[in-house]
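Please keep the structure in view while reading.

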Amino acid sequence: MSRSAEENIIYDGRIRMPYKWAAGKTSSFFLTQLRDHAKIWGTRCSLCQMIFVPPRKNCPRCVTADTTWVELPPRGILQTYTEIHFSEPLLQPLEPPYMYGVVKLEGADTGLTHFLGEVEPEKLRSGMRMEAVFKKKEDRCGLITDLLYFRPEGGSGS
Amino acid sequence: MAQRVGIIGFGQTYHRSHRDDVNGVELINEAVRAALEDAGLSIDDIDAVVIGNMDHFEAVNYVDTWSVDGSGAWMKPLIKLTTGGTTGSTLGIAGYHHAASGLFDVVLVIGWEKNSESDTTGAIITCSDPIFDRFSFSGALPGLAVEASAYIKRYGIKEEDAARVAVRDRAHGANNPYAQLQTPVTVEEVMLSPMLSWPIKLLDICPRSDGAAAVIFAGERKARQLCSQPAWVHYTAVRHSHAYFGDVDYTRLHTLEAAVQELYQNVGIKEPLKELDVVELYQPYSFAGLKWIEAMGLCKPGESPRLVWDGVTDMGGELPFNPSGGVICTNCIGATGLLRIGEAALQVMDRAVGRQVPDVNLALATGFGGAYWSDLMLLGRRPW
Amino acid sequence: MTDVAIVGMAQTPYRRRRDDANFAELIYEVSCGALQDAGLEVGDIDNFITVSNDFWDGRTISSMAVQDACGSSFDGGRNVSTVEGDGTFGLLYGMMRILSGAYRTTLVVVHCKGSEGNMRLITNGMFDYIYTRPLGIEATGAAALQARRYMDKYKLTEEDFAHVSIKNRGNALRNPNAQLAASLSLDEVMASTPIASPLKLHDISPISDGAAAVVLAHRNVANKLGRKPVWVKGIAHCSEAHFLGDRDLAEAPALRDAAFRAYQMAGIEDPFAEIDLVELYDAYSYMEPLWFEEMGFCSKGEGAELTRLGATAFDGPLPVNPSGGVLSAHAVMVAGLARVIEAALQIRGEAGERQVEGPVELALAHGINGPCGQSHCVVILGE
């Protein structure tokens, strides 16, 4: 508790609650493929044929149409990017500065948002060819962060 | 232009304690598909989407924008409402006004919850005022226990009387393939079930469910075009008075009394027991099935046990309650109030397979939640 | 369309911290203010819409905090509901409830005390928990991705966006309710602390504490009250896809859709010519030209240039955010209704020092919801 100059009482609180989110069968397949094989899969709508990454059980556009699995190469085109400078230790999995980007994998109609690495921020350009870098197999555990980051294709951009 | 509104479709998931096979967005999509199929519509026929749940149960902020992939709201008008336990009925009422306003003709309303994903009590506790109430508010159950014990003290009601309510709803749930709990129980089983918070025992109270419901509302012209027997919305009334739990008078459910008074006065109901044909009561625990029917004016305070033991509220009785099995059989909180509306609609439309009350003209759906708040929606076979 | 009007309104000053008031007290302030402004008593209000967000409030069933304060408990209780989203959506629903014939007056209230929570955690919460939240993305990181895409596609620069900050923070000097007001120079904006490239400190709105309220009335009531009603001539809302990668962040088709339906309702054919003033939701500097273009005021990519030329300046042909906009005051969820109130004040001629020149007969107000303006609500107000 603290008091401001005008005698307004401020009460400190924190809501701490556990959650157990079901990824669902569809995302579980995606995440286990990522974990066990370092593979990235998308889903194709049986009606409109759009390919979505992350995968969707139903097509977001057609809504009542199911989707089927499509394996995608772990590389694609950088759509946009940013370098994060602010610090929020309660939230950030990495220490700033670090980078996010949206990468549209080859064959997919949507982009995947993830970290970017092994590249100087000034070298980043939309349209760059990027490739996925995965954690070592023993470190992968079925989370989206089993994918470490995307880096410029063929090694670091310099 | 204002228009009259009818419900033309209803879909729901098969409610379970855990749906680990789907995430929230996918659960929502199941109900949406079911409702569209029920109404014979495609997502293109939907003009607006209304959605809601209780945020802290899944810890998703801005659920409306998060769930568009499942709700079908991509490139559609979309809005979210949330009012705690009354969320589902609040949503239904919003769906009604969307169409009644004339701004939209066909409105998809979705309520959902994945209660398995959180500590329900922990999450509900955050509804209380952090300065004055949070230290003493320990979840929905103890509050209801206070209500029940106040009621017992005032009128000499027996725990067995409440158990008879639970027996009724569990028997009804056996007729509902969507209900989470579909096995009947006896008064003795209820009385022997573990005490949770006196006088409420395990079989007196609702389960926690993962489930979703979707109801399609349509303006009159479209409703007549698309549906041979819509469930016409006659009236809605809501009271969300009380901001602190200490403000509540636990001997009476004031909000329900006030809401039904407004409803009866405006639609001209003088003898609700006779004039209503079926009630889907948002009744999270058995004692409410006694106390709150008194609040509805069906009998004098303290006299509800007689009504219940006489079978008046059973299927086949004068005024059946919860043919679906009600909240005691299924409680996916953000959907629960909307399930009441959907089930009441099925009754009016004569489509409540396996649980149909004969000759339904007027069906009342209620919502409950928050600090003892009440919502009502009255549906009828003919337009109001 | 002239069946519903705003007949009363009030907003609190937007400040970094309102330690002197809790949610209920802020709502009471603006409920009383709006009623007084309308010349009505709480007993004259048929129904109430509260607007709040459970995450920002740290309370599930966040509406509970304000039932007494907004008046819904009055006289044994009145009909009430709660929207979770920007205040403009609350206005929309409040209006529907009058158009449906159920009620003749609606009091819409909205509050947010950004100071009481952690904005990063709270906005991280709006992303899906499987693919996006674990990355630590929140509103500003996402906005930065949008800003970069917009810049790349339309060949815009950080300087272009800086001009928006300069204009709006400068406009805020005339607005006693604004939290941040300053005469910024281009150098100052460009040199401000990098937050998430290309966004720097002065490109980003603050997070404020505040509340706002409007009284809506049906024509039959509005025309009998003392002051000139401000009519809602058109209103529409629309959402696009959720995953950032599902969208082309340089486009806002949901806004375009909502804006044109609102124009249709209002009988507007040439927005730039017919609309006198715009209050749009510029949570970040780049959003102003982006939204401005999608509202049909100019072609894609031209918004920044028009800003540089002064077309949207306080004394320009189409002033945008003469109040200082969201860049100058951002009580989340309140900010969209604040845009409505600012536009309405201008129509009434009551915007004091920030009143623009010339009659304001038609104005556009705008609110957003979800990441990077995923969902929009457009309100056309007129005399």
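Rings of Phe, Tyr and Trp (its six-membered ring) form an aromatic pair if their centres lie within 6.5 Å; planes under 30 degrees apart count as stacked, over 60 as edge-to-face and the rest as tilted. By this rule there are 28 aromatic pairs over all chains. The model is predicted: local features need pLDDT of at least 70, side-chain atom pairs count only at pLDDT 80 or more, and totals for chains, interfaces and linings use all residues. Residues are numbered from 1 along each chain as its sequence is written, chains are lettered from A and ligands numbered from 1 in the order in which they are written, and side-chain values use heavy atoms, without hydrogens and water.

Q: Why is the pair of Trp41(A) and Trp69(A) called edge-to-face?
A: The planes of Trp41(A) and Trp69(A) stand at 90°, with 6.5 Å from centre to centre. An angle over 60 degrees counts as edge-to-face, and centres within 6.5 Å make a pair.

Q: What makes this pair a tie between separate parts of chain A?
A: Trp41(A) belongs to strand S3 (residues 40-45) and Trp69(A) to strand S5 (residues 67-72) of chain A, so the pair ties together parts that are 28 residues apart in sequence. Strands (E, at least two residues) and helices (H or I, at least four) are DSSP runs, numbered from the N terminus.

Q: Is Trp41(A) buried or exposed?
A: Trp41(A) counts as buried because its relative accessibility is 16%, and buried means under 20% relative accessible area, exposed over 50% and partly exposed in between (1.4 Å probe, protein chains only). Trp69(A), with 31%, is partly exposed.

Q: Why is the pair of Tyr285(B) and Phe287(B) called tilted?
A: The planes of Tyr285(B) and Phe287(B) lie at 35° and the ring centres are 6.0 Å apart, so the pair is tilted. Both Tyr285(B) and Phe287(B) are buried.

Q: How do you know that Asp257(C) and Arg261(C) form a salt bridge?
A: The closest N and O atoms of Asp257(C) and Arg261(C) are 2.8 Å apart. A salt bridge requires a side-chain nitrogen of Lys or Arg within 4 Å of a carboxyl oxygen of Asp or Glu, so the pair qualifies. Asp257(C) and Arg261(C) are four residues apart in helix H10 (residues 253-266) of chain C, and are therefore separated by about one helical turn. Asp257(C) is partly exposed at 27%, as is Arg261(C) at 24%.

Q: What makes Arg247(C) and Glu240(C) a salt bridge, and are they buried or exposed?
A: The closest N and O atoms of Arg247(C) and Glu240(C) are 3.2 Å apart, and the limit is 4 Å. Arg247(C) and Glu240(C) are both buried. Over all chains the count is 60 salt bridges.

Q: How many residues make the contact between chain B and chain C?
A: Chain B contributes 60 residues and chain C contributes 61 residues, where contact means heavy atoms within 4.5 Å. The area buried between chain B and chain C is about 4,800 Å², with 57% from carbon and sulfur atoms; buried area is the accessible area (1.4 Å probe) that two parts lose on being put together, summed over both.

Q: Which side chains meet in a salt bridge between chain B and chain C?
A: Lys80(B) and Glu84(C) meet in a salt bridge at 2.5 Å, N to O. The count between chain B and chain C is two salt bridges.
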